[in-house]
Amino acid sequence: NDVTFYNRWRKTHLDIILRQDLIDLESVTDIKSIELLLELLRRRVGSPVSFASLARDLNRDAKTIKRWIDLLQNLYVVFPVHPWNRNIARAILKMPKYYFFDTGQVIGDEGVKLENVVAGAIIKELHRMEDQTGGMASLHYIRNKEGKEIDFAVNINGDLTHLIEVKLSDDSLSKQFKTFHQIQSVKKIQIVKNLNRSKTYSTGEEIHNAATYLSGIHFDV
């Protein structure tokens with residue numbers, strides 16, 4: 001059936017990346033460690049990733065872990081989502097989250113898998129926008145000192161244009177939009193998997209069905 005076919009393809013595809021592409025770049029002994037790293041990343045989708053923590057888990061140094069993750073990025077296995085800060089250098093130093101281009105790699109509950117699907121759809125649309133318009137775009141998340149968070153923030157040409165929250169079934173407006181009310185002049189979108197009807201609030205926030213919204217997702221400069 002289709003599920004069996006996909007599972008076989010996914011394993012073969014990943015084996016090719018690890019056993020053929022990476023083996024040209026890293027020693028055979030390191031491939032085993034990179035496989036373990038990949039397994040850890042699969043279980044940490046949607047959570048900030050500490051290179052130091054991964055280094056302890058794999059008994060390597062943090063610089064090696066970062067280099068390996070950079071390799072996985074270059075091979076289009078994972079992509080980072082950095083915390084938003086107008087000081088980009090400062091944002092990059094903070095812990096990123098990592099998502100998979102192949103959403104089937106994610107290990108987690110339905111909410112985590114949905115978050116990865118949304119991240120993938122947004123990043124592909126931002127790449128399209130950059131290619132077609134020449135604009136510069138990036139995907140971020142926002143977290144304050146109290147740990148309150150917006151799932152995704154879209155940056156186009158240096159300015160935030162969208163704040164996006166992801167929910168499985170909650171059709172009530174996320175409280176996080178109010179938490180970050182000081183961020184002005186942005187579209188505030190809540191994407192819900194199990195939603196029958198879209199909503200638009202008088203204050204501008206919008207709630208949309210995930211499948212409908214993602215199928216027509218479009219960003220411009």
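Q: What makes the contact between α3 and α4, and which residues meet there?
A: From α3, Phe-51, Ala-52, Leu-54, Ala-55 and Leu-58 meet Ala-62, Ile-65, Lys-66 and Ile-69 of α4; contact means heavy atoms within 4.5 Å. By class, eight of the residues in this contact are nonpolar, none is polar and one is charged. This is a predicted model, in which local features need pLDDT of at least 70 and side-chain atom pairs count only at pLDDT 80 or more, while totals for chains, interfaces and linings use all residues. Residues are numbered from 1 along each chain as its sequence is written, and side-chain values use heavy atoms, with hydrogens and water left out.

Q: How do the axes of helix α3 and helix α4 lie, and at what angle do they cross?
A: The axes of helix α3 (residues 51–58) and helix α4 (residues 62–74) come within 8 Å and cross at roughly 100°. Therefore α3 is roughly perpendicular to α4, a term for angles of 65 to 115 degrees (under 35 is roughly parallel, over 145 roughly antiparallel, the rest oblique).

Q: How does the reach of α4 compare with the expected value?
A: With 13 residues, α4 reaches 18 Å from its first C-alpha to its last, close to the 18 Å expected at 1.5 Å a residue. The expected span is 1.5 Å times one less than the number of residues.

Q: Which residues of α4 are buried?
A: Thr-64, Ile-65, Trp-68, Ile-69, Leu-71 and Leu-72 are buried in α4 (buried is under 20% relative accessible area, exposed over 50%, partly exposed in between, with a 1.4 Å probe and protein chains only). Down the axis of α4, these buried residues fall within an arc of 150°, so they line one face of the helix. On the other side of α4, Lys-63 and Asn-74 are exposed.

Q: Why is Ser-33 called buried?
A: Its relative accessibility is 11%, so Ser-33 counts as buried. Ser-33 lies in helix α2 (residues 28–42). Leaving aside neighbours within four places in sequence, Ser-33 is in contact with Leu-58, Arg-60 and Trp-68.

Q: Why is Asn-59 called exposed?
A: Asn-59 has 71% relative accessibility, and therefore counts as exposed. Asn-59 is found in the loop between α3 and α4. The phi of Asn-59 is near 60°, a positive value in a residue other than glycine. Most residues other than glycine have a negative phi.

Q: What makes Tyr-76 exposed?
A: The relative accessible area of Tyr-76 is 59%, so Tyr-76 is exposed. Tyr-76 has its place in the loop between α4 and β1 (78–83). Its phi is near 55°, a positive value in a residue other than glycine.

Conventions: Axes fitted to C-alpha atoms, helices over the stretch in contact; angles between N-to-C directions. Helix = DSSP H or I, 4+ residues; strand = E, 2+ residues; numbered from the N terminus. Nonpolar A, V, L, I, M, F, W, Y, C, P; charged D, E, K, R; others polar. Arc of directions from axis to C-beta.
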